[in-house]
Every structure is written in structure tokens, then in C-alpha cells.
Amino acid sequence: MVHTSLLILLCFGILGNTRGVEDDRSSCQNVQTPDQRRCHVCQDAPRDVTLIIRNVLKRPFFEEEIKINCTRYQTLFYIMQQAAEANTAFQFKVTYFKRFGFFVNEINNVGGNYFLDQTWWEILDKNMTFTPGVSSYIPPHGEIVTFNLTATRHH
């Protein structure tokens with residue numbers, strides 16, 4: 001896994017408080033623009049992104065909300081790393097596939113295992129539609145991303 005503290009330092013990732021997502025980005029005025037030569041995972045415009053982590057299938061059950069304000073990270077994967085550093089209650093494990101990118105195996109010590117029990121972590125946007133995955137999805141400002149442990153039901 002990429003060493004996140006170095007990336008956060010290079011990208012000047014700043015976490016806000018836990019207020020709701022605001023329509024304007026005036027609270028991000030003092031966030032510095034990252035040097036694109038040093039930070040290939042950052043972008044110019046800061047964004048507010050909320051992560052909802054939901055597990056109602058396996059013990060321990062949980063639903064958490066993590067708000068990341070003024071993030072400069074591009075993809076959801078780096079925003080997840082930023083959230084894990086800021087909130088020790090949020091942990092995740094991934095597997096990297098060269099052709100497809102990162103696959104989320106486990107969140108908060110609860111794993112999905114499609115081959116064993118047909119469960120997996122689905123990743124949905126605020127419209128509850130599937131995202132292209134943590135490696136390629138770039139959440140827009142104000143996005144709410146839901147990680148939902150789900151199962152396929154066979155009849």
C-alpha cells in the first residue's frame with residue numbers, strides 16, 4: 001500500500017470538521033494548490049466528499065459517516081487513505097490487480113468473499129449507482145460515496 005503520510009504531505013490534504021457538505025468552497029480558500037510535479041494524485045480544486053460505510057450483513061454491524069473537507073486527492077482510493085489516517089475507526093484492505101486497479105476486500109475488519117458467501121463491498125455514488133471503482137472514480141464536489149456490504153441471493 002502507498003505510504004499515505006508522504007502523499008498527504010505532498011498534496012497538502014487538509015481535513016475539515018464534521019459539518020455538512022456546503023454548496024460553496026469558501027472554507028477551502030486557504031488550502032494551497034499542490035505542485036503537480038510532486039503530487040501526481042492531486043488536483044487543483046479542493047472538494048468535499050462524504051464516505052458512508054454500511055454493514056448490516058455480518059457482525060460487527062456498523063454504519064459510519066466520514067466527511068472529508070477540502071480534499072485535493074483525485075481518486076477515491078487516495079481519499080479513502082486520507083479518511084483512514086484521520087479516523088482510526090475506519091480501516092480497509094485492498095488487493096491491487098495490474099489490469100483493474102484496487103479491489104476493496106475488507107472494511108473495518110469485515111470482509112466480503114464472493115466465492116465463500118457471495119458477499120462483496122459495493123461502491124455507490126449519491127444516486128446509488130455503481131462507481132467505476134476506487135482506483136478510477138474521481139468523486140465530484142459534494143459527493144456522497146456509500147460502501148455497502150452486499151450479498152447475491154440465489155433462488
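I started with Phe 103, which comes out at 42% relative accessibility and so counts as partly exposed; the cut-offs are under 20% for buried and over 50% for exposed. The model is a predicted one, which I keep in mind for every entry.

Next I looked up where Phe 103 sits: it belongs to strand β4, residues 101-107. I then checked its surroundings on the surface. Phe 103 forms a nonpolar patch there with Phe 97 and Phe 100, and the three together have about 360 Å² of accessible area.

I moved on to strand β7, residues 143-151. Eight of its nine residues are buried, so the strand is largely enclosed by the rest of the structure.

Which strands pair with β7? I found strand β1, residues 42-55, joined to β7 by six bridges, and these two run parallel. Strand β6, residues 119-124, also pairs with β7 over six bridges, but in the antiparallel sense.

I noted one residue pair for each pairing.

My last entry is on Arg 47, which I located in strand β1. I looked for a salt bridge and found that Arg 47 has none, although it is buried. Asp 48 is the nearest side chain of opposite charge, and it is 8.7 Å away; a salt bridge would need a side-chain nitrogen within 4 Å of a carboxyl oxygen. What does the side chain of Arg 47 reach at 2.6 Å? I recorded the backbone oxygen of Pro 139 at that distance.

Terms used. Residues numbered from 1 in each chain as written. Predicted model: local features only at pLDDT ≥ 70, side-chain atom pairs only at ≥ 80, totals over all residues. Heavy atoms only, no water. Buried < 20%, exposed > 50% of the residue type's maximum accessible area, 1.4 Å probe, protein only. Helix = DSSP H or I, 4+ residues; strand = E, 2+ residues; numbered from the N terminus. Pairing = 2+ DSSP bridges. Patch = residues over 30% accessible without salt bridge, like charges linked within 9 Å, V, L, I, M, F, W, Y side chains within 5 Å. Areas by Shrake-Rupley, 256 points an atom, 1.4 Å probe, with all protein chains shown as cover. Lys, Arg positive; Asp, Glu negative; His and termini not counted. Polar contact = N/O pair within 3.5 Å; in protein donor to acceptor, adjacent residues only side chain to side chain.
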